[in-house]
Amino acid sequence: MPIQSFEDLLLHELKDLYDAEHQIVKALPKMAKTVYSSELKAAFEDHLDQSQQHIRRLEQVFETLNKKPARETCEAMKGLIAEGDETMQEKMDGLLKDAALIAAAQRVEHYEMAGYGTVRTFANLLGYHEASQLLQMTLDEEEQTDKLLSQIANGVNVAAMEEVAAPRK
Ligand SMILES: [Fe+2]
């Protein structure tokens, strides 16, 4: 679909996010299975539930705009997930790999935060206040997840450094 209006641009961005969330939902179970830290595993599992909720919320947003939910391949998310996959396959000690997977997951979160911040603002400018509020809710949750990952990283990074300095026998 050609993008000819600001509204078209909003829809284009929403379809990108809708696709990105589907990709995340597909990738997270494998990531949760791979990690060593139980705290990180729980965070990935919680974010899986949250991402499913984000998909439903995007469907509500499409509905408020009288549009059918549709996906447009998000190439950026494909790339971020492919990098995460590479990390998972890498031979690394448990906590070191966790530190690397947190780095991958935070890249995903920041991509989503940028995307949701943009669509929230576009919806607001166009006077779609209900859509804007729904998108703000998701943005808040993405930000919380990012903060939680930073907190978990504090512990994991230190433990990973100690583990590399004195490997488990
Ligand atoms: Fe999300």
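A residue counts as buried when its relative accessible area is under 20%, as exposed over 50%, and as partly exposed in between, with a 1.4 Å probe and protein chains only. The structure is a predicted model, in which local features need pLDDT of at least 70 and side-chain atom pairs count only at pLDDT 80 or more, while totals for chains, interfaces and linings use all residues. Residues are numbered from 1 along each chain as its sequence is written, and side-chain values use heavy atoms, with hydrogens and water left out.

**Exercise 1. Describe the overall build of the protein chain.**

Step 1: The protein chain holds five helices and zero strands, where helices (H or I, at least four residues) and strands (E, at least two) are DSSP runs numbered from the N terminus. Read along the sequence, the pattern is α-α-α-α-α.

Step 2: The C-alpha trace spans about 60 × 25 × 20 Å along its principal axes, and buried residues make up 45% of the 169 residues.

Step 3: Among contacts (heavy atoms within 4.5 Å) with a separation of 6 or more, 78% are accounted for by residues 24 or more positions apart.

**Exercise 2. Characterise how helix α1 (residues 6-34) lies against helix α3 (residues 75-89).**

Step 1: The axes, which are lines fitted to C-alpha atoms over the stretch in contact, with angles from 0 to 180 degrees between N-to-C directions, come within 10 Å and cross at roughly 10 degrees. That makes α1 roughly parallel to α3, a term for angles under 35 degrees.

Step 2: Ala20, Gln23, Ile24, Ala27, Lys30, Met31 and Thr34 in α1 meet Met77, Lys78, Ile81, Asp85 and Met88 in α3.

Step 3: By class, this contact has seven nonpolar, two polar and three charged residues, with Ala, Val, Leu, Ile, Met, Phe, Trp, Tyr, Cys and Pro counted as nonpolar, Asp, Glu, Lys and Arg as charged, and the others, Gly among them, as polar.

**Exercise 3. Find which residues touch the most other members of the largest nonpolar core.**

Step 1: A nonpolar core is a set of buried Ala, Val, Leu, Ile, Met, Phe, Trp, Tyr and Cys residues joined through side-chain atoms within 4.5 Å. Of the 47 residues in the largest one, Leu14, Phe44, Met77 and Leu135 touch the most other members.

Step 2: Two or more residues each come from α1, α2, α3, α4 (94-125) and α5, and the largest share, twelve residues, comes from α1.

Step 3: Leaving aside neighbours within four places in sequence, phenylalanine 44 is in contact with Leu28, Met31, Ala32, Val35, Leu101, Ala105 and Leu149.

Conventions:
Parallel < 35°, antiparallel > 145°, perpendicular 65-115°, else oblique.
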